[in-house]
Amino acid sequence: MNDPLQVDAYAAADFNVSDQAVVDRIEQLLAVDGVHFRQQACLVDLGCGPGNISLRLAKRWTDCCVLGVDAAERMLRVAEARRRDAGVMTERLRYQRRALPLPASSLEADLVVSNSLLHHLHDPMHLWSSVKSLASSRCLVLHRDLKRPDSEASIDGLCQQHVANAPEVLQRDYRASLRAAFTAAEVKAQLAVAGLPQLQVMEVEDRYLEVSGWITGCQAGVDQRSP
C-alpha cells in the first residue's frame, strides 16, 4: 500500500479507537497470564503502516524496544515523522522496510502483533511463518483483522455503517478488504498447517477476527509478575 493517495488517506484517518483496542487487548492478555514484558523486550508490529500502533506500544511500554515492519516506503516515512514529532528515540522505536515472509533472524521478539495485515497477503502463510521466525521461546502473539461477511448485502451494510463518510479511497479499500478477508474457520486451518494450533481464533464485534496466544518454551522474554 504505497500509492500516495492511499498513504495520505490512511495517515489522516482517525483509527484511534481500533488502534487503542489492540494495545488494551495486549494488556489484557498479559494480565490473564500474570506476566509482564521484561526490560528491553522486543515488540514487533508487522504491517505497521504509518506507525499508529508501533508508537502506542513505545509509549505504553517505555522500557521495551519496538520494531515496526512494512513493505511500503511512503508509509514508513509517515511513521518515522510521527516518531520524531513524538520525541521517541530510535533506540526505542525503529522502522524497517521489509515484505513478508521474513527470513530466519537472530531477532527474538517477545510480542508479535499485526492489525489488518492478513487479508493483504497473497499467501497467508507468509504471516504465520514470519511469526515463527521472529518469536522468542515465550512470545505473545496478537493479530487482528477483518472477517469476511457471508454476503454482498452484509458488505454493503458494514460499509454504510462504518465508512459512509470516509474518503472515497478508504471506502473502496474497505469494501475490497472485506471481500479479501478470511473466515474464522479458514484462519484456524491456516494455523494448523503452520504448526500454530495453540493460538486461539475468535470473532470480535461485527467485523473482526482476533488471533491470540503464546508461543511457549522456556520462560525467556517475560518475567513472572510478583504476587
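Cys-65 is partly exposed, with a relative accessible area of 21%. In this predicted model, Cys-65 takes part in no disulfide, and the nearest cysteine sulfur, that of Cys-42, is 7.1 Å away.

**Cysteines**

- The number of disulfides comes to 0.
- Cys-64 is likewise in no disulfide, and the nearest cysteine sulfur to that of Cys-64 belongs to Cys-65, 7.3 Å away.
- A disulfide requires two cysteine sulfur atoms within 2.5 Å.
- Cys-64 has a relative accessibility of 1% and therefore counts as buried, the limit for that class being under 20%.

- An open sheet is formed by 7 strands, arranged in the order 4-3-2-5-6-8-7 with mixed pairing.
- Strand 4 (93–97) and strand 7 (200–204) are the edge strands; each has a single partner strand, so one side of each is without a neighbour in the sheet.
- From one strand to the next, the twist averages 15°.
- Strand 2 (residues 42–46) and strand 5 (residues 109–115) run parallel and are joined by 4 bridges.
- Opposite Val-44 stands Val-112, a residue of strand 5.

**Helices on the sheet**

- Helix 2 (residues 16–33) lies across strand 5, strand 6 (135–146), strand 7 and strand 8 (208–215).
- The direction of helix 2 is at about 140° to strand 6.
- Helix 4 (residues 73–86) also packs on the sheet, where it touches strand 3 (65–70) and strand 4.
- The directions of helix 4 and strand 4 make an angle of about 170°.

**Backbone features in the loops**

- Most residues other than glycine have a negative phi, and most peptide bonds are trans.
- The peptide bond from Leu-100 to Pro-101 is cis, and its omega is near 5°.
- Pro-101 belongs to the loop between strand 4 and strand 5.
- Ser-116 is not a glycine, yet its phi is positive, at about 60°.
- Ser-116 is placed in the loop between strand 5 and helix 5 (125–134), and with a relative accessible area of 27% Ser-116 is partly exposed.
- Glu-205, which is not a glycine either, has a positive phi of about 55°.
- The loop between strand 7 and strand 8 holds Glu-205, and this residue is exposed, its relative accessible area being 57%.

Note on methods. Residues are numbered from 1 along each chain as its sequence is written. This is a predicted model: local features need pLDDT of at least 70, side-chain atom pairs count only at pLDDT 80 or more; totals for chains, interfaces and linings use all residues. Side-chain values use heavy atoms; hydrogens and water are left out. Two strands pair if DSSP finds at least two bridges between them. Helices (H or I, at least four residues) and strands (E, at least two) are DSSP runs, numbered from the N terminus. Axes are lines fitted to C-alpha atoms, for helices over the stretch in contact, and angles run from 0 to 180 degrees between N-to-C directions. Contact means heavy atoms within 4.5 Å. Buried means under 20% relative accessible area, exposed over 50%, partly exposed in between (1.4 Å probe, protein chains only).
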